[in-house]
Amino acid sequence: PFTLPLIRKLGELRFAAPVTFFVGENGSGKSTLLEAIAVGMKAVAMGSADLARDPTLAPARALAAALVFARRRTPKRKAFLRAEDVFGFQKRVAAEMDDLGDLGEHYRATLREGSYGQRLAMGVARGQKGALEAAYGANPDAGSHGETFLALMQKRLKPAGLYFLDEPETPLSPQRQLALLAILKRAVAEDCQFVIATHAPILMALPGAAIWLFEKGRIRPVAWDETEHVALTRAFLAAPGRFLDKL
């Protein structure tokens, strides 16, 4: 990550808004910085591997070690999610549920039938599996990518939390992006804070959000209607033929 001009020139960043959007072209460094901040703040990964062991986050861990973090207060929970990790997370939950089911059957077969020890052990396994089913459903893999992502957001965003999201719009239709926008707005009202890397003009329109543009090796605040994402989308919708004729 230290080869990026953005990182070499990085100074102090203050996250004063309840939601801060990182926007910019692919390769501008926004996801790299988001991941490093999530690692440095010791966020819990909502994915198939945690932040300390995920091999794809090795550069983020190196950058996090070079940064200094300060905060006004400690959030009740901290979480990091990349859209592509959603299925990995759901598969991890499904595997844990299967393991707990197998564990219960193991206790049934190996402990004395009807004994206090058997009842206690089987009760613990059933209780843990039941808690996962209550949170994620009996079949966590059953929904579409977008449905799974929104369900995960609704269940995991708790009041007074700090959340790092990398391109959460990826699996979502425009209508589902509006649903996510509503989820974010409710979470902000419950004292949550977000740092989100995105390309989605719909999400960037969240009232009260700060938008930071990553461009030419630096970061600067911009207004929603000043972003290229909004300008280009508007221009394309107004006259798609003008763009298509040039392809």
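This is a predicted model: local features need pLDDT of at least 70, side-chain atom pairs count only at pLDDT 80 or more; totals for chains, interfaces and linings use all residues.
Reader: Okay, how many salt bridges does a search of the whole structure find?

Author: The search finds six salt bridges, where a salt bridge is a side-chain nitrogen of Lys or Arg within 4 Å of a carboxyl oxygen of Asp or Glu.

Reader: Which residue does arginine 14 form a salt bridge with?

Author: Its partner is glutamate 12, and the closest N and O atoms of the two are 3.1 Å apart. Both arginine 14 and glutamate 12 are exposed; on the scale used here, buried means under 20% relative accessible area, exposed means over 50%, and partly exposed lies in between (1.4 Å probe, protein chains only).

Reader: And what about glutamate 35 and arginine 82, are they buried or exposed?

Author: Both of those residues are buried, and their side chains meet in a salt bridge with an N to O distance of 3.8 Å. This pair links distant parts of the chain, since glutamate 35 sits in helix 2 (residues 30-40) and arginine 82 in strand 3 (residues 77-82), 47 residues apart. Helices (H or I, at least four residues) and strands (E, at least two) are DSSP runs, numbered from the N terminus. Glu35 and Arg82 also belong, with Asp54, to a network of salt bridges.

Reader: What does arginine 73 form a salt bridge with?

Author: Arginine 73 pairs with aspartate 191, with the closest N and O atoms 3.1 Å apart. Arginine 73 lies in the loop between helix 3 (58-65) and strand 3, and aspartate 191 in the loop between helix 7 (174-189) and strand 5 (193-197), so the pair ties together parts that are 118 residues apart in sequence. Arginine 73 is partly exposed, at 43% relative accessible area, and aspartate 191 is partly exposed as well, at 41%.

Reader: Which kind of pair do phenylalanine 22 and tryptophan 212 form?

Author: They form a stacked pair, 5.9 Å centre to centre with 15 degrees between the planes. Phenylalanine 22 is in strand 1 (residues 19-24) and tryptophan 212 in strand 6 (residues 210-215), so this pair too links distant parts of the chain, 190 residues apart. Phenylalanine 22 is buried, with a relative accessible area of 0%, and tryptophan 212 is buried at 11%. Phe22 and Trp212 form one aromatic cluster together with Phe15 and Phe214.

Reader: And what is the angle between the planes of phenylalanine 236 and phenylalanine 243?

Author: The planes stand at 50 degrees and the centres are 5.7 Å apart, which makes the pair tilted. Phenylalanine 236 is partly exposed at 34%, and phenylalanine 243 is partly exposed at 26%.

Reader: Last topic, the surface: which residues make the nonpolar patch?

Author: Phe236, Leu237, Leu244 and Leu247 make a nonpolar surface patch of about 470 Å². Patches are made of residues with over 30% relative accessible area and no salt bridge, with like charges joined within 9 Å and nonpolar side chains (Val, Leu, Ile, Met, Phe, Trp, Tyr) within 5 Å; accessible areas come from the Shrake-Rupley method with a 1.4 Å probe, and for residues only the protein chains shown count as cover. Leucine 244 lies in helix 10 (residues 240-244) and is partly exposed at 47%.

Methods
Residues are numbered from 1 along each chain as its sequence is written. Side-chain values use heavy atoms; hydrogens and water are left out. Rings of Phe, Tyr and Trp (its six-membered ring) pair if their centres lie within 6.5 Å; planes under 30 degrees apart count as stacked, over 60 as edge-to-face and the rest as tilted.
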